[in-house]
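Me: I have a structure open and would like to go through it step by step. Could you help me read it?

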Amino acid sequence: MENEMKFVVNGYTYIFNAEGQERIPDTETLRETLHHRIPGIDLKKGCDRGICGNCTVLLNEKPVSSCMIFTASCQNAVITTWEGLSKEEMRLYEIFKEDKYFLEHAPYVSIRGLVMICIAQFRKKEQPLREDFLKALEGNYGRCLDMEKILALLDTYRETLSADQS
């Protein structure tokens, strides 16, 4: 079908606009589609301006604010949401969540978004450099976070990965 929309989310192929299905409007964002049309996806809505990080997903392995992407532009894309992270990758969330710094700053920072951005770096390179993380985070959180603290927590995560491989 000419207007058929197809993409993969967390390893499952979804086809929309097929015969008998409601067409996805051209103005519908990826966040709206994932949240409302795919069962089991708990994609948070925050600012709806691509700033807060709550709706961050990996689109073809690159972190994006899904509220800023039209679903129509995602034909044949591979999308990973929070629910698609492996148990190993979710350890990074646990490390951030248990840290006192993030407990104090939780109202101001989407730890989910932060984790998705960092996981993209780990998926991109086996051993990402500190500079890779700084570059990936600079446009997302700017000066509102203690980057040295984040880098130290990433080192902790890296150590847990090394321990598992031993």
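Me: In what pattern do the strands and helices follow along the sequence?

Reply: Read along the sequence of this predicted model, the pattern is β-β-α-β-β-β-α-α-α-α-α. In total, the chain has six helices and five strands.

Me: And how much of the chain is buried?

Reply: Of the 166 residues in the chain, 43% are buried.

Me: Let us turn to H2. How many residues does it have, and what length does it reach?

Reply: Helix H2 covers residues 87-98, which is 12 residues. From its first C-alpha to its last it reaches 16 Å, close to the 16 Å expected at 1.5 Å a residue.

Me: Which residues of H2 are buried?

Reply: The buried residues of H2 are Glu89, Leu92, Tyr93, Ile95 and Phe96. They cover an arc of only 160° around the axis, and therefore lie on the same side of H2.

Me: Which exposed residues are on the face turned away from the buried side of H2?

Reply: That face of H2 carries Lys87 and Glu98, both exposed.

Me: What about Met90, where is that?

Reply: Met90 is in helix H2. Its relative accessible area is 22%, so Met90 is partly exposed; to count as buried, a residue must be under 20%.

Me: What does Met90 touch?

Reply: Neighbours within four places in sequence aside, Met90 is in contact with Trp82 and Leu85.

Me: On to H4. How long is this one?

Reply: H4 runs over residues 111-124. Its 14 residues reach 20 Å from first C-alpha to last, close to the 20 Å expected at 1.5 Å a residue.

Me: How many residues of H4 are buried?

Reply: In H4, 11 of the 14 residues are buried, so H4 is largely enclosed by the rest of the structure. Among the buried residues are Gly113, Met116, Ile117, Ala120 and Gln121.

Me: At what angle do H2 and H4 pack?

Reply: H2 and H4 pack at an angle of about 135°, with their axes 10 Å apart. The two helices are therefore oblique to each other. The crossing of H2 and H4 is right-handed.

Me: Which residues meet there?

Reply: From H2 come Glu89, Leu92, Tyr93, Phe96 and Lys97. These meet Ile111, Leu114, Val115, Cys118, Ile119 and Arg123 in H4.

Me: How do H4 and H6 cross?

Reply: Their axes come within 12 Å and cross at roughly 55°. H4 and H6 are therefore oblique to each other, and H4 passes H6 in a right-handed crossing. Leu114, Cys118, Ile119 and Phe122 of H4 make the contact with Ile150, Leu154, Tyr157, Arg158 and Leu161 of H6.

Me: Tyr157 is on that list. Is it buried or exposed?

Reply: Tyr157, which is in helix H6 (residues 147-165), is buried, with a relative accessible area of 2%.

Me: Which residues is Tyr157 in contact with?

Reply: Leaving aside neighbours within four places in sequence, Tyr157 is in contact with Glu88, Glu89, Arg91, Leu92, Ile95, Ile119 and Phe122. The C-alpha atoms of Tyr157 and Glu88 are separated by 9.6 Å, although these residues are 69 residues apart along the chain.

Me: A change of topic: which loop holds Asn60?

Reply: Asn60 lies in the loop between strand E3 (56-59) and strand E4 (62-65). Its phi is positive, about 55°, although Asn60 is not a glycine. Asn60 has 43% relative accessibility and so counts as partly exposed.

Me: And what is the phi of Glu61?

Reply: The phi of Glu61 is near 70°, again a positive value in a residue other than glycine. Glu61 also lies in the loop between E3 and E4. At 37% relative accessibility, Glu61 counts as partly exposed.

Methods:
Residues numbered from 1 in each chain as written. Predicted model: local features only at pLDDT ≥ 70, side-chain atom pairs only at ≥ 80, totals over all residues. Heavy atoms only, no water. Helix = DSSP H or I, 4+ residues; strand = E, 2+ residues; numbered from the N terminus. Expected span 1.5 Å × (residues − 1). Buried < 20%, exposed > 50% of the residue type's maximum accessible area, 1.4 Å probe, protein only. Arc of directions from axis to C-beta. Axes fitted to C-alpha atoms, helices over the stretch in contact; angles between N-to-C directions. Parallel < 35°, antiparallel > 145°, perpendicular 65-115°, else oblique. Left-handed = near helix turned anticlockwise from the far one by under 90°. Contact = heavy atoms within 4.5 Å.
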